[in-house]
Amino acid sequence: MTLTLNNRSRNKESSLTQALRQIQQLNSKIAVLEQQHQDYVHQQQNLIAAIAEICVSPIQEIQALRILIYRGEWECRRYLRSVLVKQSQASK
């Protein structure tokens, strides 16, 4: 009887230890995801600032924002590079 109670206590302790370890792992993953989200937000803010700086007309800004929203960051950066190329060609 005592042996059975000791085994149950150990099993409960083992289950609690395992649950605690899983909670700690989840907290670590949450911290990583929060950091990745902060990095993403920071990149988007930088990109929006670049849009405002590079685009010379409201239509270009709207187009850049649409591309950012619907096609993503890479396509938006590509569009901004094309705008810069067109501006440099126009200034020659």
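A salt bridge is taken here as a side-chain nitrogen of Lys or Arg within 4 Å of a carboxyl oxygen of Asp or Glu. Under this criterion, a search of the whole structure, which is a predicted model, finds 2 salt bridges.

One of these pairs joins Glu73 to Arg77, with the closest N and O atoms 3.0 Å apart. Both Glu73 and Arg77 belong to helix α3, which spans residues 73-90, and they are separated by 4 residues, about one turn of the helix. Glu73 has a relative accessible area of 23% and is partly exposed, and Arg77, at 34% relative accessibility, likewise counts as partly exposed.

The other pair is formed by Arg78 and Glu75, for which the closest N and O atoms lie 3.6 Å apart. Arg78 and Glu75 are also both located in helix α3, at a spacing of 3 residues, again about one turn of the helix. Arg78 shows 44% relative accessibility and therefore counts as partly exposed, since that class covers values between 20% and 50%.

Apart from these charged pairs, the surface carries a nonpolar patch of about 460 Å², made by Ile48, Leu65, Ile69 and Tyr70. Helix α2, comprising residues 58-71, gives the most to this patch, with 3 residues.

How values were computed:
Residues are numbered from 1 along each chain as its sequence is written. This is a predicted model: local features need pLDDT of at least 70, side-chain atom pairs count only at pLDDT 80 or more; totals for chains, interfaces and linings use all residues. Side-chain values use heavy atoms; hydrogens and water are left out. Patches are made of residues with over 30% relative accessible area and no salt bridge: like charges are joined within 9 Å, nonpolar side chains (Val, Leu, Ile, Met, Phe, Trp, Tyr) within 5 Å. Accessible areas come from the Shrake-Rupley method with a 1.4 Å probe; for residues, only the protein chains shown count as cover. Helices (H or I, at least four residues) and strands (E, at least two) are DSSP runs, numbered from the N terminus. Buried means under 20% relative accessible area, exposed over 50%, partly exposed in between (1.4 Å probe, protein chains only).
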